[in-house]
Structure formats: structure tokens, C-alpha cells
Amino acid sequence: MSLREQLCEYGRRAVELGLVIGTSGNLSVRQEDRVAVTPSGVALDRLTPELCPVVDLAGNLVEGESQPSSETPMHLAVYASGDARAVVHTHSVFGTVVATTMTELPPIHYNALLLGGTVRVAEYATYGTPELAANVRAALEGRRAVLMANHGGMTIGATLEEAFEATRLLEWLCEVYVRALGVGTPNVLTPEQLDAVVERAFNPPVFPRRAG
Ligand SMILES: [Zn+2]
């Protein structure tokens, strides 16, 4: 699948799963010094490959007629500062609830380790500004996910599929946390408990085949 076809596929899935509504949310995927990004003003389930612009790492349009998403500078800042090859940004409900009320999403489930542990909430700044891009970049340090104050969430991956699955996981963790807060005080996993999970992941149980 071409980069632009991938944007159409995951854009459609993001709408289907209720992670985005209308024209909110944007995706990008990088190959070498080219980044295919979703266009401004088009609902993510209405994309065609031709509608998706391709920019270089400086933000110059190199392919396509549509204007890139207004949040493209944030995507480019992320590519400039790490090894990400795909970025997914949504205004998903539970992610936005946490980003509007808290300064971080604590690790209440061991799957948070897949995102790097505690997910930070980047300080608020107007969308599309270099200031927001800088805040997001700082909060993403050492993580696969970040929440953006009063805005939404963003995840990165080595592929668009990976970044997309990270967005689904981030939303699930936020939903579990918000619902848990409604029931009681959620227990946060300790650093020792998280270390033990990492240890376990590197030493999975072996199930010997029964003789005979
Ligand atoms: Zn946004």
C-alpha cells in the first residue's frame, strides 16, 4: 500500500472506531525525506490518495493539490526529533477528558508500558503553532504517546499501523482510568511492579511439550 493509500485506510478506521469526528484528527506517514499527510478540511473517511498531500521535512508541498492539515508542523517537529515514521493525532473522547483535567495519565495498567509508561500532558498552546509543536515534542520525550492539554492525543510508531494501534491503546487506557475514577481511587502501579512486567516480558513462560 502506498503512503497515501495507508492514510485513507487508517483514516477510515479512525472514523469507524469513533476516534475522530468530522474533519478533526490527522495522520501522517514518513518515508525517507517525504511525509504524506491528511489534508485540511476533509473528513478522514472521505479521503482519496489524490487528496492527500506530500510534503518534505521542511513543510514544502511536493505532491498533491490540497493543503496539508493545519497541524502538519506538529507532525514535522516530531519527525525532526526522533525515529518516528508515522504520527496519529485525534481528539478522541477519553483522551481529551484526561487532557482537560489532568497533567498526566498514570500507569494504572501494565499495557501503559507499551506507550513508555506515564503519558504526559503537553502544556496548552493554540493548535497549529510552533509553540504547541515544541510542547508536544518535549512531552513526548522517551514515549510513544502524548496528551495535549484541552485538545487531544498523539501517538507515534515505526509504521502507521503501529501508531494507530498506540492511539487505540491510549484511548483505552484513558477510558479505563476515567471510569475507574468514577468507582473509586485507582491504584497506580509502582516502579517495582512495572519493572517486574518488563522482566516477565523478556522471560516469557515456557510450556514444555508433554512426552508421548
Ligand atoms: Zn488537533
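What is the handedness of the crossing of α1 and α5? The crossing of α1 and α5 is right-handed, a crossing being right-handed if the near helix is turned clockwise from the far one by less than a right angle and left-handed if anticlockwise. The model is predicted, with local features requiring pLDDT of at least 70, side-chain atom pairs pLDDT 80 or more, and totals for chains, interfaces and linings using all residues. Residues are numbered from 1 along each chain as its sequence is written, and side-chain values use heavy atoms, without hydrogens and water.

**View 1. The open sheet.** Nine strands form an open sheet with mixed pairing, in the order β4-β3-β2-β1-β5-β9-β8-β7-β6. Helices (H or I, at least four residues) and strands (E, at least two) are DSSP runs numbered from the N terminus, and two strands pair if DSSP finds at least two bridges between them. The edge strands, each pairing on one side only, are β4 (61-63) and β6 (104-105).

**View 2. Strands β1, β2 and β3.** β1 and strand β2 (residues 34-37) run antiparallel and are joined by four bridges. They form a hairpin with two residues between them, and glutamate 32 in the turn has a positive phi of about 50°. Strand β3 (residues 54-56) is also antiparallel to β2, with three bridges. Alanine 36 of β2 stands opposite valine 29, and opposite valine 54 in β3.

**View 3. Strands β7 and β8.** Strand β7 (residues 119-122) and strand β8 (residues 145-148) run parallel, joined by two bridges. Valine 121 has leucine 147 in β8 as its bridge partner.

**View 4. Helix α5 on the sheet.** Helix α5 (residues 160-183) lies across β1 (26-31), β5 (86-90), β6, β7, β8 and β9 (152-157). Its direction is at about 140° to β9; axes are lines fitted to C-alpha atoms, for helices over the stretch in contact, and angles run from 0 to 180 degrees between N-to-C directions.

**View 5. Helices α1 and α5.** The axes of α1 and α5 come within 11 Å and cross at roughly 15°. The two helices are therefore roughly parallel to each other (under 35 degrees; over 145 is roughly antiparallel, 65 to 115 roughly perpendicular, the rest oblique). Gln6, Leu7, Tyr10, Arg13 and Ala14 of α1 make the contact (heavy atoms within 4.5 Å) with Leu160, Glu161, Phe164 and Glu165 of α5. By class, this contact has five nonpolar, one polar and three charged residues; Ala, Val, Leu, Ile, Met, Phe, Trp, Tyr, Cys and Pro count as nonpolar, Asp, Glu, Lys and Arg as charged, and the others, Gly among them, as polar.

**View 6. The aromatic pair.** The structure holds one aromatic pair, where rings of Phe, Tyr and Trp (its six-membered ring) pair if their centres lie within 6.5 Å, and planes under 30 degrees apart are stacked, over 60 edge-to-face and the rest tilted. Tyrosine 10 and phenylalanine 164 form this tilted pair, at 5.2 Å centre to centre and 55° between the planes. Tyrosine 10 belongs to helix α1 (residues 3-16) and phenylalanine 164 to helix α5, so the pair ties together parts 154 residues apart in sequence.

**View 7. Helices α3 and α5.** Helix α3 (residues 93-101) packs on α5 at an angle of about 60°, with the axes 7 Å apart. That makes α3 oblique to α5, and their crossing is left-handed. Val93, Phe94, Gly95, Val97 and Val98 in α3 meet Glu171, Cys174, Glu175, Val178 and Arg179 in α5.
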